[in-house]
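Here is a short report on one protein structure. Look at the sequence and the fold first, then read on.

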Amino acid sequence: MLVRYHLLRINGLHFAFSTLFQVALLLLVALSNAVRVNGDGGQCGSNPTLDPRPHSVSILEFGAVGDGKTLNTIAFQNAIFYLKSFADKGGAQLYVPPGKWLTGSFNLTSHLTLFLEKGAVLIGTQDPSHWDVVEPLPSYGRGLEVPGGRYQSLINGYMLHDVVVTGNNGTIDGMGMVWWDWYSTHSLNHSRPHLVEFVASDYVVVSNLTFLNAPAYSIHPVYCSHVHIQNVSISTPPESPYTVGIVPDSSDNVCIEDCIVAMGFDAISLKSGWDEYGIAYGRPTENVHIRRVQLHAFSGSALAFGSDMSGGISNVLVEHAHLFNSNSGIEFRTTKGRGGYMKEIVMSDIQMENVHTAIAATGNCGSHPDDKFDPNALPHLDHITLKDVIGTNITIAGNLAGIDESPFTNICLSNITLSTNSVSPITWACSNVSGFSDSVLPEPCPELGNTSYDSSSSCFYLLSVSGKTALQ
């Protein structure tokens with residue numbers, strides 16, 4: 001599958017700068033700010049190291065104009081094509097100076113750093129004819145919103161190794177308003193594009209940038225390994241329909257840290273394929289570490305799992321997270337026909353404020369891609385641990401509804417204090433679930449009241465195993 005990149009626009013560098021000064025500036029940026037991933041771990045325990053790219057060019061050298069009106073797609077495509085020749089020479093950097101750079105899609109290449117300087121704004125064109133249509137992802141079988149293909153993402157990478165999208169707090173603006181309107185009025189010809197998508201790539205870094213107004217997802221690594229997303233700010237307006245911040249999808253060894261995400265729907269959502277297509281593709285999302293994040297989700301969940309989880313989700317550690325002003329804080333979603341599993345997930349040191357439902361799990365969420373799904377493909381949710389959680393102005397502490405034929409098991413809650421408001425007379429609601437609880441206020445439903453040694457030891461064992469897994 002071809003993947004290419006739709007880029008944006010930026011405010012300008014004055015062309016009055018001398019050639020000598022520009023060369024010196026490019027050299028300085030290449031030596032001081034280029035980032036390359038190496039080592040044997042893509043999670044938060046093994047950070048990517050700074051490593052200079054030996055070659056650097058400016059997008060200005062390829063005729064780009066940062067006036068916010070000129071379409072610069074060809075300039076970006078030509079620059080990447082040129083820099084591809086340095087892949088076996090230590091890699092290269094494409095420097096984007098201050099300016100407003102309007103662009104359509106383009107592809108990155110391996111051993112490349114895309115660097116957005118402070119004041120650089122890449123702007124996605126709002127003309128859908130500048131967004132190519134590509135085949136659906138095999139683990140989904142069709143576009144998520146419209147059957148058939150999907151619009152290609154603004155910035156794309158396909159089967160890449162060692163690629164970095166970073167900057168000095170530059171901005172990528174998807175100008176999603178027209179896409180949201182087309183979605184809401186059922187006027188889309190194809191499913192909406194994302195801002196940045198990497199497919200079947202490894203050793204990927206996205207850092208030190210601001211992402212605005214994504215048409216759908218902001219950052220979407222799918223079928224990827226060793227992904228590090230660090231120090232990014234992501235936002236869309238509260239009314240933007242089904243916009244999602246960071247979506248690790250059938251990917252492994254993922255670190256997300258020091259990020260601020262405020263979205264119309266979900267802030268961070270872990271996925272792994274849709275019904276029979278995800279089951280057949282069979283690639284889980286696993287070994288994920290999320291820490292020191294601030295998450296706000298207006299109509300969805302600050303931290304979501306599923307509902308597209310047919311390939312499985314496991315070995316996830318979330319710690320030191322602030323979830324606020326959200327419809328739900330933590331939510332697990334699935335339904336009959338999904339298959340797959342969500343298991344061995346640990347969340348600790350969580351602070352919640354102004355959240356309607358703090359902890360949610362549902363076995364009846366989401367649609368199906370077509371009528372070929374297997375209704376007997378039952379998902380499994382097992383060994384989910386939450387500990388050291390504090391919440392204020394919570395309406396419902398927990399709403400957990402499993403599946404009759406496949407109850408949710410080993411839900412472990414420890415040291416949780418949720419201060420609820422008076423909006424709802426119900427603080428907990430449970431069905432088809434079982435688990436363990438200790439020092440939880442308000443007191444959870446009886447299904448979670450198991451205090452046996454076997455239940456508690458299982459929870460604490462999972463805490464130690466998951467912590468080591470996510471940090472190794």
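Where is the place of His228? His228 sits in strand β19, residues 225-230. Strands (E, at least two residues) and helices (H or I, at least four) are DSSP runs, numbered from the N terminus. This is a predicted model, in which local features need pLDDT of at least 70, side-chain atom pairs count only at pLDDT 80 or more, and totals for chains, interfaces and linings use all residues. Residues are numbered from 1 along each chain as its sequence is written, and side-chain values use heavy atoms, with hydrogens and water left out.

**His228 and its partner**

His228 counts as buried because its relative accessibility is 3%. Buried means under 20% relative accessible area, exposed over 50%, and partly exposed in between (1.4 Å probe, protein chains only). The side chains of His228 and Glu257 are joined by a polar contact of 2.8 Å. Such a contact is a pair of N or O atoms within 3.5 Å; within protein, one must be able to donate a hydrogen and the other to accept it, and residues adjacent in sequence count only if both atoms are side-chain atoms.

**Disulfides**

The structure holds two disulfides, each a pair of cysteine sulfur atoms within 2.5 Å.

| Pair | S to S distance |
|---|---|
| Cys44 and Cys255 | 2.0 Å |
| Cys430 and Cys445 | 1.7 Å |

The link of Cys44 and Cys255 is right-handed, with 95° about the S-S bond. Cys44 lies in the loop between β1 (35-36) and β2 (49-50), and Cys255 in strand β22 (residues 252-257), so this pair ties together parts 211 residues apart in sequence. Both Cys44 and Cys255 are buried. Cys430 lies in strand β31 (residues 428-431) and Cys445 in the loop between β32 (433-441) and α5 (453-471), so that pair ties together parts 15 residues apart in sequence. Cys430 and Cys445 are buried too. Cys224 is buried at 0% relative accessibility. Cys365 is partly exposed at 22%.

A search of the whole structure finds three cavities of 30 Å³ or more. On a 1 Å grid over the protein atoms alone, a cavity is a set of points where a 1.4 Å probe fits but cannot get out; a pocket is an open set with protein on both sides within 12 Å along at least five of seven lines; lining residues have an atom within 4 Å of a point. Points are joined across faces, edges and corners, and a volume is the space filled by probe spheres set on them.

The largest cavity holds about 50 Å³. Its lining includes Phe332, Ile359 and Leu381. By class, that lining has nine nonpolar, no polar and no charged residues. Ala, Val, Leu, Ile, Met, Phe, Trp, Tyr, Cys and Pro count as nonpolar, Asp, Glu, Lys and Arg as charged, and the others, Gly among them, as polar.

The largest pocket holds about 700 Å³. Of its 34 lining residues, Leu144, Tyr217, Tyr242, Lys271 and Asp308 are the closest to its centre. This lining has 13 nonpolar, 10 polar and 11 charged residues.

**Aromatic rings**

Rings of Phe, Tyr and Trp (its six-membered ring) pair if their centres lie within 6.5 Å; planes under 30 degrees apart count as stacked, over 60 as edge-to-face and the rest as tilted. The count comes to 11 aromatic pairs. Phe305 and Phe332 are stacked because their ring centres are 4.6 Å apart and their planes at 15°. Trp131, Tyr151, Trp179 and Trp182 form one aromatic cluster.
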